[in-house]
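I opened this one to see how its parts pack together. Notes below, in the order I looked things up.

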Amino acid sequence: MSEKFDVIVVGAGPAGTSCAYTAAKNGLKVLLIERGEFPGAKNVMGGILYRKQMEEIIPEFWKEAPLERPVVEQRFWFMDKESMVTTSYKGLEWAQEPYNNFTVLRAKFDKWFADKAVEQGALLINETVVTECIVEDEKVVGVRTDRPDGEIYADVVVLADGVNSLLAKKLGFHKEWKPEEVALTVMEVMKMPKGSINERFNVEDNQGVSVEIFGESTKGALGTAFLYTNKDSINIGVGTTLSGMIKKKMKPHQLLEELKSHPMIKPYLEGAETLEYLAHLIPEGGYNSIPKLVGDGVMVIGDAAQLVNAIHREGSNMAMASGKMAAETILKAKELGEFTERNLDSYRTDLYDSFIGKDLKKYKDAAHTFEEHPVYFEQYVPLMNRAMSTMFTVDGTAKWDKQKKIMNSFTAGRGKLGVAKDLYRAWRVVK
Amino acid sequence: MAKTLEEKQYLVRFNCDTKSHLEVKDHDVCATKCPDKDCTIFCPADVYKWEGDRMFVGYEGCHECGSCRIGCPFDNIKWEYPKGGHGIVFRLA
């Protein structure tokens with residue numbers, strides 16, 4: 001292929017497709033390259049897609065996109081071995097337009113979304129691995145692929161090649177990720193009749209529930225498990241930092257089996273049948289792990305740029321917003337006719353000024369702190385459970401005595417000052 | 001309910017290449033320097049199996065997550081994407 005494109009986007013996930021869509025819609029000549037058999041074939045997500053950032057690319061997308069259920073209730077379970085403390089919010093404003101978020105199955109969604117970019121004029125090539133960027137005079141001018149004569153040129157190459165981001169690493173934009181900077185997550189899609197989902201999760205058709213599960217679900221390691229309702233299937237998964245997985249010598253697949261057979265979870269899965277098993281990494285290094293984002297003729301977006309807010313399980317929305325911002329920057333650079341790092345740098349500043357930069361900054365020390373101090377997941381979750389059990393078990397003990405017992409259980413071994421320090425430390429990194 | 005990893009892997013579609021995209025750079029390192037062999041534990045698809053004297057790499061069942069490359073304490077795994085269109089094909093999520 002000897003023709004030259006305005007933009008080559010590497011990777012047809014939410015970030016890459018958002019960028020390709022926006023650029024093509026505004027008249028640029030765009031090539032979108034995907035290594036999978038089809039867009040979505042290599043992509044995994046727990047399953048929550050946020051409405052806001054997607055709507056900014058395709059207004060009212062929910063009227064035609066392949067979505068599962070709009071989430072009307074977000075539950076949080078703090079689990080011990082045979083108990084859990086729970087909290088949740090359910091709101092019917094989320095059951096109607098414009099909705100808040102949806103469960104999705106990515107293989108279907110990503111394919112649909114990439115087709116939308118093609119409708120806007122982008123050229124999509126599947127089954128093609130980009131092996132490296134072509135660099136001339138320290139400027140990225142195209143990509144080399146694993147196809148014969150597979151060199152393709154463009155004014156700008158946008159790297160949306162996902163969490164591993166071998167291409168940005170090769171350019172020296174980041175070092176190899178450390179095991180603390182990624183979370184290893186496994187999940188299963190399990191078939192379940194619509195009626196059973198509605199009954200078990202107390203919802204109607206076209207209403208969904210998301211459940212985030214802490215504590216015993218990861219054996220106290222830094223991470224979470226999740227349970228999301230699709231139309232007639234559920235996604236159940238669990239992940240921890242790769243470092244946590246290694247430190248605790250856990251087998252991810254076993255962790256998932258233990259979760260599925262946990263007495264708090266098992267009744268929800270009764271009769272459900274596994275359809276697919278999936279493993280993937282999530283970039284969870286946060287603010288301090290964001291790589292160099294812009295160079296001469298090149299930009300990095302989405303997971304490849306570590307744009308995930310693990311605390312609020314936001315990622316695909318940041319991917320989409322970053323893809324759109326990158327495309328808008330390229331459009332401006334096109335007017336100037338120059339694609340230098342300086343001309344493309346407004347992508348970086350826009351990103352850091354947006355909710356992405358701000359939210360990632362807000363939690364920049366959270367993951368590191370919770371990993372260094374495993375006390376929160378390992379000890380406070382079981383303590384919370386025992387406190388509730390103590391308080392609500394009627395056994396003739398006076399409530400004041402119960403309260404004293406609970407206080408003592410929290411301060412045992414660490415003192416009041418220790419508890420205060422733990423609380424302060426946690427507050428400081430999420431405030 | 002599928003229980004074993006083998007059963008689950010059967011549910012996944014793989015379009016295997018004839019050539020491995022994963023390679024142990026130096027088998028000596030696994031044999032002599034790495035008593036823990038963490039990759040045989042954390043790999044979500046049990047791609048790595050220690051055969052007593054050598055690391056067996058069952059690349060055909062790889063989910064392409066990248067954990068082994070990042071988690072190997074000796075940076076001893078050469079990790080590439082399978083050829084375009086090959087490797088794992090997720091059909092659902």
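**Domain 1 against domain 2**

I started with the buried area: domain 1 of chain A and domain 2 of chain A bury about 1,300 Å² between them, and 59% of it is on carbon and sulfur atoms. This is a predicted model, so I'm reading computed values throughout.

Next I checked the bounds. Chain A is divided into domain 1 (4-67 + 104-176 + 287-353), domain 2 (180-283) and domain 3 (367-430). For the contact, I got 17 residues from domain 1 of chain A and 18 residues from domain 2 of chain A. Their centres, taken over C-alpha atoms, are 28 Å apart.

I counted 1 salt bridge between domain 1 of chain A and domain 2 of chain A. I also looked up A:Arg313 and A:Glu212, whose side chains meet in a salt bridge at 2.6 Å, N to O.

**A look at chain B**

I then went to B:Asp17, which sits in the loop between β1 (13-15) and β2 (22-24) of chain B. Is B:Asp17 buried or exposed? I put it down as buried, because its relative accessibility is 14%, under the 20% cut-off. Beyond its neighbours within four places in sequence, B:Asp17 is in contact with B:Tyr59, B:Lys83 and B:His86.

Technical notes
Residues are numbered from 1 along each chain as its sequence is written. Chains are lettered from A and ligands numbered from 1 in the order in which they are written. This is a predicted model: local features need pLDDT of at least 70, side-chain atom pairs count only at pLDDT 80 or more; totals for chains, interfaces and linings use all residues. Side-chain values use heavy atoms; hydrogens and water are left out. Domain bounds come from an automatic or database domain assignment. Contact means heavy atoms within 4.5 Å. Buried area is the accessible area (1.4 Å probe) that two parts lose on being put together, summed over both. A salt bridge is a side-chain nitrogen of Lys or Arg within 4 Å of a carboxyl oxygen of Asp or Glu. Helices (H or I, at least four residues) and strands (E, at least two) are DSSP runs, numbered from the N terminus. Buried means under 20% relative accessible area, exposed over 50%, partly exposed in between (1.4 Å probe, protein chains only).
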